[in-house]
Amino acid sequence: MELLYFDFDHGVERLLFIRLDRESQTVHFRLERSPDPTYDEECKDVPTVTVNASTRCSSLSQFDGFCRALVAAMRCTPFSLQHPDKTPFAAIAHDEVNLNGILEGVPPRELTCRIPSEIAAELVAPERVPERFRSLVSIPGVARS
C-alpha cells in the first residue's frame with residue numbers, strides 16, 4: 001500500500017511518500033522538500049532535499065500497529081493525504097484512508113518500531129511532539145506514552 005502526503009507552506013512544497021510493505025514488515029519513507037512552483041519569486045532559494053529512510057518491524061503485529069498508529073498520527077501534522085483516485089493534491093479526509101489488509105496490531109504504547117529520526121524531524125518539532133507521535137518517535141527528553 002502506498003500513501004502520499006503533501007504540505008505547502010510559505011513557498012515550500014513537502015511531499016511524503018509512505019510505502020507499507022506488509023510482506024517484508026517494512027515501512028519505507030521518502031520525503032521531498034522543494035520550492036513551491038505556485039508561490040512567488042522570493043522562494044526560489046529554497047533548496048531541494050530528498051530524504052529516504054525505512055523502518056523494519058520485528059513482527060506482523062508490530063508492523064500492523066505501527067502502520068495504524070502512523071496514519072492516525074499524521075492527522076496531527078499540517079500534511080494532507082492525497083486522494084488515490086483524484087488529481088494531484090486533491091485531499092482525502094484522514095479518516096477515510098482504507099487500511100484493508102492492515103490488522104489492529106499491538107497498541108501504540110507497545111510499539112518497538114520508530115519513525116526514522118530524519119523523517120520525524122520533518123513531521124514534528126522536537127519541542128512540540130503531539131501525543132499521537134510520542135510512541136512513534138525517539139526524541140531525547142520526550143517521554144513515551
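Reader: Is Phe89 buried, partly exposed or exposed?

Author: Phe89 counts as partly exposed, at 39% relative accessibility. Buried means under 20% relative accessible area, exposed over 50%, and partly exposed in between, with a 1.4 Å probe and protein chains only. This is a predicted model, in which local features need pLDDT of at least 70 and side-chain atom pairs count only at pLDDT 80 or more, while totals for chains, interfaces and linings use all residues. Residues are numbered from 1 along each chain as its sequence is written, and side-chain values use heavy atoms, with hydrogens and water left out.

Reader: How many aromatic pairs does the structure hold?

Author: Three. Rings of Phe, Tyr and Trp (its six-membered ring) pair if their centres lie within 6.5 Å; planes under 30 degrees apart are stacked, over 60 edge-to-face, and the rest tilted. One of the pairs is Phe6 with Phe8, which is tilted, at 5.9 Å centre to centre and 50 degrees between the planes. Phe6 is buried at 6% relative accessibility, whereas Phe8 is partly exposed at 33%.

Reader: And why is Phe6 with Phe89 called edge-to-face?

Author: The planes are at 75 degrees, with the ring centres 5.2 Å apart, so that pair is edge-to-face. Phe6 is in strand 1 and Phe89 in the loop between strand 5 (80-82) and strand 6 (91-92), so the pair ties together parts 83 residues apart in sequence. Helices (H or I, at least four residues) and strands (E, at least two) are DSSP runs, numbered from the N terminus. Phe6, Phe8 and Phe89 form one aromatic cluster.

Reader: Moving on. Why call helix 1 largely enclosed?

Author: Because 10 of its 14 residues are buried. Among them are Phe63, Phe66, Leu70 and Val71. Their cover includes strand 1 (2-9), strand 2 (12-21), strand 3 (26-35) and strand 4 (49-56).

Reader: What is Phe66 in contact with?

Author: Leaving aside neighbours within four places in sequence, the contacts of Phe66 (heavy atoms within 4.5 Å) include Val27, Phe29, Leu111, Ile115 and Leu136.

Reader: Which residues have the most contacts inside the largest nonpolar core?

Author: Leu16, Phe66 and Ile115, in a core of 37 residues. Such a core is a set of buried Ala, Val, Leu, Ile, Met, Phe, Trp, Tyr and Cys residues joined through side-chain atoms within 4.5 Å. Helix 1 gives the largest share of this core, seven residues.
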